[in-house]
Structure formats: C-alpha cells, structure tokens
Amino acid sequence: MDKVRFAFIGFRHGHIMSLYDLALSRDDIEVVACCEEDEETRSQLKSAGKVNITHASYSDMLDNVACDVIAVGDYFGIRGARALEALDRGKHVVSDKPICTSLDELDQIESRARERGLSVGCQFDMRDRGTDMEVRRLIREGTIGDVHSIVITGQHPMLYGSRPGWYYEPGKHGGTINDIAIHAIDAIPWFTGLKWASVESARAWNAALSQEPIFQDGAQFMATLSNGCGVLCDVSYLSPNKAGYKMPQYWRMAFAGSKGFLEALPTTNQIILYTHESEEPRLITPGPASRGGYLDAFLREMRGQKEGLHLSTAEVIQASRVSLLIQQAADRGQTQVKLV
C-alpha cells in the first residue's frame, strides 16, 4: 500500500505535536513537509530540534510539495482559511480542534469537502480514553437506562505566561466554548446515541484574568438533547495552575438515567456506578486507552470506507457546528437556540 503523504501547516499550538509524532510513528504515513509562517515559532522549533521545518510559506508548500493530506495546527482563527485552501487544492484535511472559528467557514468546509469527495478529520482524542470508551459501552448497553441528565466539568488551568500569546489577541482564539467544550460536544452523542437539540443558555466571560480583558476564562452552557435530556457543562480556565490537570473536575462526567447514575473520573481512571438494586456503588476499572483512533478513522474514510468508523467527517462537521452555535449564543446573549 502506498504511503499517505502528510504536510503540516502551523505549530503555534502544542496539540499538533501529538498528531505529528503519531504520523512519524506509522508505516503508512510519510511526512513530506512542514510549514511554519511565524518566524519566532520557527526559531523555537529549530532550537528544540523536534520538527523539521521545510517551508516558511503555506502557499509555497502547497505549490511545490506533492501531498495527500494537510494537517492543520496553526492558531485557531486562521485554521478555517488553512483548511479551505487545502480543500481547494484537492487535499484531505485533518486538524487540531477547533477546525475553524466561524459558521461561515464551517459551511464552506462542509460544502467543499462534499463536492470534492474529501475527508475532514479532527483530533477528538477523548474518544480514545479508557474511561470514555467504557462510559459509552455502559450507556449504549442500557446500564443506566434512558439518560435524563448529564453534568460535565472540563475545568482547565490558565497557566498564564506559558500558553501562546495569540490566545489573547483579537480574532485569534475564537472563544473558550469552541476551544474546550467541543470535546464534550463531540463525545455526548457518541456516548448516548442522542442528538443535540437546543442550547437554553450559554455564557463565556472574563472572570479572573483581568490583565487580558478580552479573553474568556469563564465558560458554561446549559443545553437539551433530542430525548429531553438536560446537559450542564463548565469548561472554564479557572483551575489552580499547579493542580489543574490532576483535579477531578478535569473532565469529570456524570450521567443520571432511569436505571442508575454513572460518574466517570478520567484523572483517576475510575467509573462509579449506582443502581436501584444496591445501596453500594460498583467501582469499574476501564480498559486501556487507545492511541490515534481519530487518525485511523480518517485514513480509512480517505480510502473509501464508510461503515463502522471511530469518527467520520460528518461527525466532525456536526460537533463543530454545535460548538460554534453554542459559542455564538454565549457571545450574543442568545437563549433557546436550536442546534438542529
């Protein structure tokens, strides 16, 4: 089988490094070029010796490098334009999340990918965690019955001074709901088989980071799924820096159903199940995590496989659309916005 040729654009967010390393580790992928247009970032990458930067111009790379896939890891606000240019050149696209920051860009990405028969992938790697795969299995098997309520906290530490400076520049970040909550927005239909119906209210605001007044370090929303299930989600950048990624509130997920209650704690790799049959909880140890499920699915879809995908272009587009609609509701103060 011929190797799939990957070219990377933009390394201004660290998440892209996991995709880069994954691509290098696979026998069916060849990384043929890497572009970084930001001079300071290019210099840092060269000093670190982690990435072989071959181009300083995206257009130059597209004009002169034969490739099948463009992998996008630039700052959030430019990702939509990067993806669209790649699709216009007949390239498949896989991106860090979010893939874009506007609904207009998303509409164009969807239509161009469909018209040209191209795939769009995204680094929705929460689907690869052992806890998440086990939660999905338990819910889909009916362990807690009909799901009536979901509460998710995706609290993050701000780590001010270590995150890229563009986070705080106008037009480059695009909002914290679209930044963080998109993981939960993708995962909830995957867990439950339900669809998003509406966002009742949403808020994204500057809570504590007074030195960067345009940045939304607070972000919450309340939504409804297709069966009437209520969803509460908090994805604020308000965790203490030193404990942030170790706190149980980092992607803590609770599901209340007609037959029981399920809580997942990825930080401790635990799942707690309460049912009507017992006063004591059942502690469940999830199976091992996988690696790169989103990338496997992307490559399979590129090769024409449509059934049984871990993640599809349609799911990437749908999660992105819901995320952007909820972000827009927060930014505009809108309530009871339809998500279908």
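Trainee: At 37% relative accessibility, does R303 count as buried, partly exposed or exposed?

Mentor: The model is predicted: local features need pLDDT of at least 70, side-chain atom pairs count only at pLDDT 80 or more, and totals for chains, interfaces and linings use all residues. Residues are numbered from 1 along each chain as its sequence is written, and side-chain values use heavy atoms, with hydrogens and water left out. Buried means under 20% relative accessible area, exposed over 50%, and partly exposed in between (1.4 Å probe, protein chains only). At 37%, R303 therefore counts as partly exposed.

Trainee: Which residue does R303 meet in a salt bridge at 3.6 Å, N to O?

Mentor: A salt bridge needs a side-chain nitrogen of Lys or Arg within 4 Å of a carboxyl oxygen of Asp or Glu. The partner of R303 at 3.6 Å is D28.

Trainee: How many residues apart in sequence are the parts that R303 and D28 tie together?

Mentor: Helices (H or I, at least four residues) and strands (E, at least two) are DSSP runs, numbered from the N terminus. R303 sits in the loop between α8 (293–302) and α9 (313–332). D28 sits in the loop between α1 (16–25) and β2 (29–35), so the parts tied together are separated in sequence by 275 residues.

Trainee: Is D28 buried or exposed?

Mentor: D28 belongs to a salt-bridge network with R26, D296 and R303. Its relative accessible area is 16%, so D28 is buried.

Trainee: Which residue forms a salt bridge with R82?

Mentor: The closest N and O atoms are 2.9 Å apart. R82 lies in helix α4 (residues 76–88), and its partner in the loop between β2 and α2 (39–48), so the pair ties together parts 45 residues apart in sequence.

Trainee: In which helix does R321, the salt-bridge partner of E110, lie?

Mentor: E110 and R321 bring their closest N and O atoms to 2.9 Å. E110 is in helix α5 (residues 103–116), and the two residues are 211 residues apart. R321 lies in helix α9.

Trainee: How many salt bridges does a search of the whole structure find?

Mentor: Side chains of opposite charge can pair when their charged atoms come close. Across the whole structure, the number of salt bridges found is 22.

Trainee: How many disulfides does the structure hold?

Mentor: A disulfide is a pair of cysteine sulfur atoms within 2.5 Å. The structure's disulfide count is zero.

Trainee: How far from C229 is the nearest cysteine sulfur?

Mentor: C229 is in no disulfide, and the nearest cysteine sulfur is that of C233. C229 counts as buried at 1% relative accessibility, and C233 does at 5%. The distance from C229 to that sulfur is 12 Å.
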